[in-house]
Amino acid sequence: EYNLNVIATAPSVMYKVKLSNGELLNIENPSDFPDAGRITEILEPIITANIIVPKQYLGNIITLCEEKRGTQTDMSFIDEERVILKYK
């Protein structure tokens, strides 16, 4: 639609992994995860997102956020055509 060249790559997300010996590891690649028996907790990144969306896409955006385990914290209309959604 906008004649852009998009490069799609695998997302890189840093996870913090707590081991049973108390050590805390920063893991970026799933292949670097230690043996499951050594892991006591996996912490994943969480964001607070402010999303400005035309009201015609509101339902689809809410569905997408809910599917990704988002929790809606606020929704307010900027004007008759735009909405601000806040998700954690």
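The questions and answers below concern salt bridges, a sheet and a surface patch in a predicted model.

Local features need pLDDT of at least 70 and side-chain atom pairs pLDDT 80 or more, while totals for chains, interfaces and linings use all residues. Residues are numbered from 1 along each chain as its sequence is written, and side-chain values use heavy atoms, with hydrogens and water left out.

Reader: How many salt bridges does a search of the whole structure find?
Author: A salt bridge is a side-chain nitrogen of Lys or Arg within 4 Å of a carboxyl oxygen of Asp or Glu. Asp79 and Arg82 form one of them, with the closest N and O atoms 3.1 Å apart. The number found in the whole structure is 3.

Reader: Which residue forms a salt bridge with Lys18?
Author: Lys18 is in strand β1, and its partner is in strand β3 (residues 39-43), 23 residues apart. Strands (E, at least two residues) and helices (H or I, at least four) are DSSP runs, numbered from the N terminus. The closest N and O atoms are 3.5 Å apart, and the partner is Glu41.

Reader: How far apart in sequence are the parts that Glu44 and Arg69 tie together?
Author: The closest N and O atoms of this salt bridge are 2.8 Å apart. Glu44 lies in the loop between β3 and β4 (49-54), and Arg69 in the loop between α1 (58-67) and β5 (72-77), so the pair ties together parts separated by 25 residues.

Reader: Is Arg69 buried or exposed?
Author: Buried means under 20% relative accessible area, exposed over 50%, and partly exposed in between (1.4 Å probe, protein chains only). Arg69 has a relative accessible area of 62%, so Arg69 is exposed.

Reader: What is the strand order of the open sheet of 3 strands?
Author: Two strands pair if DSSP finds at least two bridges between them. β5 and strand β6 (residues 82-87) are joined by 5 bridges and run antiparallel. β4 and β5 are the edge strands, each pairing on one side only. The order is β4-β6-β5.

Reader: Which residues make the nonpolar surface patch of about 420 Å²?
Author: Patch residues have over 30% relative accessible area and no salt bridge; like charges are joined within 9 Å, and nonpolar side chains (Val, Leu, Ile, Met, Phe, Trp, Tyr) within 5 Å. Areas come from the Shrake-Rupley method with a 1.4 Å probe; for residues, only the protein chains shown count as cover. One member, in the segment before β1 (15-19), is Val6, with a relative accessible area of 71%. The patch is made by Tyr2, Leu4 and Val6.
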